[in-house]
Amino acid sequence: MKTLSRLSLATALVCLTACERPSVEEFLPPSPAQSQTPLEGFDPLPRGFEWALAERFPVDRDGDGVRDFREDIAYVRPQSFDVTLEGCPASDPGYTYQWHVQGERSSFDTWQVSYLDRGCRVPAVFPGQGAYRVTLTVSSPSASRQYTQKVTIKDWLIVGLGDSFGSGEGNPDLPGDYPNDVPARWADARCHRSFKAPSALVAQRLETSDPHTSVTYVSLACSGANISRDGLKLNHPNPYQSWMGTLLEPDSSAGPILHLGSGLLGDYVGIEPAAPRLPAQVDRLKELVGGRRIDAMLLSAGGNDAGFGDVLTHCTITSTCSGVNDSDGDRLRAFVGRRFDELPGRYRALGDRLAQLFPSSPVYLTEYPDLSRDAAGVTCEQIMHNVGPVDGIRRSQGEPQWIQAHFLAPLNQQMRDSVLEQQNASRPWHYVGGVEDAFRTHGMCAGDQRWFRVPPEARDLQGPKDDTQNTKGMAHPNEEGLRQYARLIRASLTRRFGEHPYYPDGTLLREPSGGIYVTQGFGRFWVPDNAELQGLLARLGSSAASIVQLTAEQMAEVPFTPRDGTFLHLPSGLVQVVYGGAAFDVPNPEELSRLLGLLGVDDSAVGPVPSGTTHHLRPVPRDGTVLQEGDFVGYMHRGALVHVTDPRQLHELGIDPEHVRPLPTGGLLHLPSPPSTSSGAPLRLSPRDNTFVQHGQGISLVLGGTPFLVPDMGEFDALRGALGDPGAPAHLLPGAPSLLLPDRARDNLLLKELHNDAVYILQSGSAYSIATPAHLTQLREQLPIEDRAVHLIPTGALGPLTTRVPRNHSLLREADASEVYLLLGGVKYHMHTETEMLRVGVDPARVRLVPPGGLARYPTGPDTRLVGFIDSIQGSGEVLGWGLDLDAASNPLQIRFYADGPENQGVLLGEVTTTLPRQDVNDHFRALEAMGTHGFSFTLPASYRDGRPHVLHAYVMDAQRRVQLPRPLPPQTFQLF
């Protein structure tokens, strides 16, 4: 599942051949997002729209817990691609959306499709790879804007070929427990092929890292396969004798010899022999791909042709397998000599065949690791000693040293030479090195640092039961070893997947206008000036001569958003990691090291970008992104982060657990979160407008970030119909106790209940009735364009909001007046100037409009500069709060308290002075340099511990003025026991 999930195909109007063919200039827009602006200032999508290509990496089709390889032409040569187009703004007051897609089918016709009034998120089907021109028109009642972008469909074809190191041998998809008779399960048991193989890990990572590309993955690698050598095996009823009989060359006198075949260039019986024989891997691959170009052919081959398994077995059984003037040693040297004499010709034949069948398809040949070193890189004392009644391979006998020097090193050197030979023949072969170095401290004797399967472990994981001699997984990389293999292959691919528009990391691109960008993670980042360019060149170790000149059309194909898991290094030293198009700060080197390890990359994956260039990234990740910090796992849905309480819920949602993105510590705190939501809440962030959410109390419609409860299913159905069927409810996952969102929606919302005609405006959490159409017109003319639409909400939802007291420190103005009032505790205070507002600590730009007469319900407070607040009344009887004189911010004040009535009516309880430090008050009124002690604490008399409710009134006092302190919900009642 991509970061944008797939939906069913929408009804479309399709034009296949009769459409007028556009000019090249029309088809290839000069920039990634053009805009036409009929009404200046209307820009609901300042970043343009987004799109995502549906994933094609194999899935578990039959529900047995194991992914299923696809070996069918329909999969390998797709005729169409599913794409989700999304242009949903952060706030949608009721816009309409029209999509138009246009592309070339051939040299003589074009392909077009339109989606009219289908919403901001549309599933589409594109008929093939290539470039398409997509136009989205967003319209409000009074304005419209057009966004045109070039959408390039790219499906990577990744192929795995070769032997056991390419098939995933030693690592079943579901490991067995053979001591307890639980068998292993493979995606392909005959070849011991699993989705833990390096090629699978590479393809899956490429699939999930970029929403704009998909991956078709085919693996034909088979454990035991050779390039062209016919494998031989002694067929003996005793497994141990059968194993012994394969020493270097089978001895026919001990029993019949089985001809297993080769695998790559010839047919093969498989590691678990069966009939009919498997066709040669290259021939079967040609049947599947036809003329389609392969983007990366990941190849592990040559080890079996060189006789690695035979050498390992020989040295395990014999006491001195490499001794001089020794029959065992002589046999080994003669055997290895023959095999290495043949090896160059076998690689050459493979190169010729691949060039014939798959011209121009790049081949990545992977190095073999050293399995005989400990955690310090020292040659193991012994390995393979736990196979059975055998001597094992011992350092004291010089056996592992001989294998290192006379087998592994020459084998890897021959592979490098063969790759160079193919390159000299102008064939795109690449050598994936670094494997031997990476494994140098992780051999079979490296304890818990080993990256290999030892015989007893392989026996118990994949069988056969009680048979360490014939378990195929021994001496192969374990899961961590395969992940390291994949990391090195990915690094090689990243360096070479430079085909336009996917330029390698650190490439500098210049557009015709002179603007320069640097690429990281397939995305581009603007270089703002020459100073930044020079600094970037120094960090990249490059020069201005390396800048690639692009046409406008070519630059338009390079996306702005990098793929998931891209690490960005800013000149300030800050490192950020990108998930779902949003950047998260990495707080320290230790955290960076942890994340790099989790993502299977090293510090070379951290790429430099200029200062300030990450600001164009999204403030929150795109929908479908799955994030994890500690024990918290959540997925993005319609702009909200929903808590996943059970990993099984990911499967229920159709989300692959491999898509979970590890956040830096504190990463969740960087997401904008509703003020009433705690870090452990089931839902963080506010869903987009008109999202239905099902939760413990029923179904709510979210508007302005706030849920409005739908009273019954009839109302739900009616709302969905009136809203144009915005989609099924988004379910909070099982175990989520409630929907935790702000109980106060954003300002400037015009609301109308479904079955009532009255229109209200929501400001500072309170709803104000708009009495006449003229008043509505007057308000709308003064509201921003994006806030002029009237939203439908469930019937009865407005009732509680009409009596709610506005938030403290709100600035409100009636639409037909100029006076601005500050609201404190339900009392309004006239603010004469902007300077006065700033002194109180409120922003004059945040004045909100209410209908004419809307402020009449609030009493007017005295024209005073004394402010304060009662924060709380504790169960102990302690009253906490603060007071401040705006004209003399550093001076302490007197606070006087009355019970059960205001001044001159209630019982005087006493006075206190503001002597307690309150840094929060100082910070809020920092413009006044209010550095004094503004807090107070007052203890209510013990006589009020009578269990009865009482009302507390408090006044800030000085020699001339007094004002009743505002309270959160006046009157403030307390009850002490």
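These legends walk through close-up views of a predicted model. Residues are numbered from 1 along each chain as its sequence is written, and side-chain values use heavy atoms, with hydrogens and water left out. Because the model is predicted, local features need pLDDT of at least 70 and side-chain atom pairs count only at pLDDT 80 or more, while totals for chains, interfaces and linings use all residues.

**View 1. Helices H7 and H9 pack against each other.** (Angles under 35 degrees count as roughly parallel, over 145 as roughly antiparallel, 65 to 115 as roughly perpendicular and the rest as oblique.) The crossing of H7 and H9 is right-handed: a crossing is left-handed if the near helix is turned anticlockwise from the far one by less than a right angle, and right-handed if clockwise. Phe308, Val311 and Cys315 of H7 make the contact with Glu399, Ile403 and Phe407 of H9, where contact means heavy atoms within 4.5 Å. Sorted by class, the residues of this contact are five nonpolar, no polar and one charged. (Ala, Val, Leu, Ile, Met, Phe, Trp, Tyr, Cys and Pro count as nonpolar, Asp, Glu, Lys and Arg as charged, and the others, Gly among them, as polar.)

**View 2. Helix H9 also packs with helix H8.** H8 covers residues 327–357, and its axis and that of H9 are 10 Å apart at an angle of about 20°. That makes H8 roughly parallel to H9. This crossing, too, is right-handed. On the H8 side, look for residues including Leu332, Phe340 and Tyr347; on the H9 side, Trp402, Phe407 and Met415 are among them. The class count for the contact of H8 with H9 is eleven nonpolar, five polar and three charged residues.

**View 3. Strand E17 is covered on both faces.** E17 spans residues 429–432. Trp429 and Tyr431 sit on one side, His430 and Val432 on the other, and all of them are buried. (Buried means under 20% relative accessible area, exposed over 50%, partly exposed in between, with a 1.4 Å probe and protein chains only.) Strand E14 (residues 363–366) runs parallel to E17, joined by four bridges; two strands pair if DSSP finds at least two bridges between them. Find Tyr364 and you'll see His430 of E17 opposite.

**View 4. Strands E32 and E33 form a hairpin.** E32 (residues 698–703) and E33 pair in the antiparallel sense over five bridges, with Leu703 opposite Thr706 in E33. Two residues lie between the strands, and Gly704 takes a positive phi near 60°. Follow the side chains along E33 (residues 706–710) and they alternate.

**View 5. Strand E50 has one covered face and one uncovered face.** In E50 (residues 972–975), Gln972 and Phe974 make up the covered face, and Thr973 and Gln975 the uncovered one. Four bridges link E50 to strand E48 (residues 949–957), and the two run antiparallel. Pro949 stands opposite Gln975.

**View 6. Three strands make an open sheet in the order E43-E44-E47.** The pairing in this sheet is antiparallel. At the edges are E43 (866–873) and E47 (935–939), each pairing on one side only. Neighbouring strands are turned by 25° against each other on average, direction ignored. E44 (residues 878–885) and E47 pair over five bridges, and Gly881 stands opposite Phe936 in E47.

**View 7. Another open sheet has four strands, ordered E41-E40-E39-E42.** Pairing here is mixed. The edge strands E41 (827–831) and E42 (847–850) each pair on one side only. From one strand to the next, the twist averages 40°. E39 (residues 810–814) and E42 run parallel, joined by four bridges; Arg813 has Leu849 as its bridge partner in E42.

**View 8. Ser219 sits buried in strand E10.** E10 covers residues 213–219. Ser219 counts as buried because its relative accessible area is 2%. Leaving aside neighbours within four places in sequence, Ser219 is in contact with Phe69, Glu71, Gly160, Arg193 and Ser199.

Terms used
Axes are lines fitted to C-alpha atoms, for helices over the stretch in contact, and angles run from 0 to 180 degrees between N-to-C directions.
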